[in-house]
Amino acid sequence: MDPAVSARPGDRALTAPTVSCVFVCHDGEGRVLLARRGAGARDEPGTWDTGAGALEHGESFEAAVAREVREEYTAEALRVETIGVRNILRGEPVSHWVAVVCAVEVDPARVAIGEPHKFDALGWFGLDDLPAPRHSQLEETLALFRARRS
């Protein structure tokens, strides 16, 4: 088997573009859910970010997002809306992600940390009252979320 195919998505992103589903969970009332990345996070621990996960072979974007929301935040995706696509080139060596960005409505009462090895805090925030420090990709992701509301 080709090692690039069998490697984790984060590793594959160093040799070929990898597809990720990024999601902005919201409560339908103007607040967004952010998670603080813990010590076990793949990158940028201590920063606040939205959720994301790799698209698995044969999976629709909506199914990937619903799976990842359950895994990361223990909640069901009530409504999933694709709001944009980003071409993300980061670091040296360059990692390459094609991110399909979705807005996902969830019930705030059902949200909890589902992956404590990756996240150490969750919070609901207004778009004008975001916590710091922020993940390097957060602003561009939230720009797509803001644009959908205009």
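**Close-up views of a predicted model**

**View 1. L142 and its surroundings.** Leaving out residues up to four places away in sequence, L142 touches V24, T50, L127 and L130; contact here means heavy atoms within 4.5 Å. Welcome to a predicted model, in which local features need pLDDT of at least 70, side-chain atom pairs count only at pLDDT 80 or more, and totals for chains, interfaces and linings use all residues. Residues are numbered from 1 along each chain as its sequence is written, and side-chain values use heavy atoms, with hydrogens and water left out.

**View 2. The largest nonpolar core.** Here you meet 19 residues that form the largest nonpolar core, and those with the most contacts inside it are V32, L34, L130, L142 and F145. Such a core is a set of buried Ala, Val, Leu, Ile, Met, Phe, Trp, Tyr and Cys residues joined through side-chain atoms within 4.5 Å. Two or more residues come from each of strand 1 (18-26), strand 2 (31-37), strand 5 (79-90), strand 6 (95-105), strand 7 (119-126) and helix 4 (138-149). Strand 6 gives the most, with four residues. Helices (H or I, at least four residues) and strands (E, at least two) are DSSP runs, numbered from the N terminus. In soluble globular proteins, nonpolar side chains tend to be buried together.

**View 3. E68 in helix 3.** Look for E68 in helix 3 (residues 61-73). E68 is buried, because its relative accessible area is 7% and buried means under 20%, exposed over 50% and partly exposed in between (1.4 Å probe, protein chains only). Beyond its neighbours within four places in sequence, E68 is in contact with F23, A52, G53, A54 and Y73. The side chains of E68 and R67 are joined by a polar contact of 2.7 Å (a pair of N or O atoms within 3.5 Å; within protein, one must be able to donate a hydrogen and the other to accept it, and residues adjacent in sequence count only if both atoms are side-chain atoms).

**View 4. E115 in a loop.** The loop between strand 6 and strand 7 holds E115. This residue is buried, with a relative accessible area of 10%. Not counting residues up to four places away in sequence, E115 touches E71 and E72.

**View 5. T15 on show.** T15 sits in the loop between helix 2 (9-12) and strand 1. With a relative accessible area of 63%, T15 is exposed.
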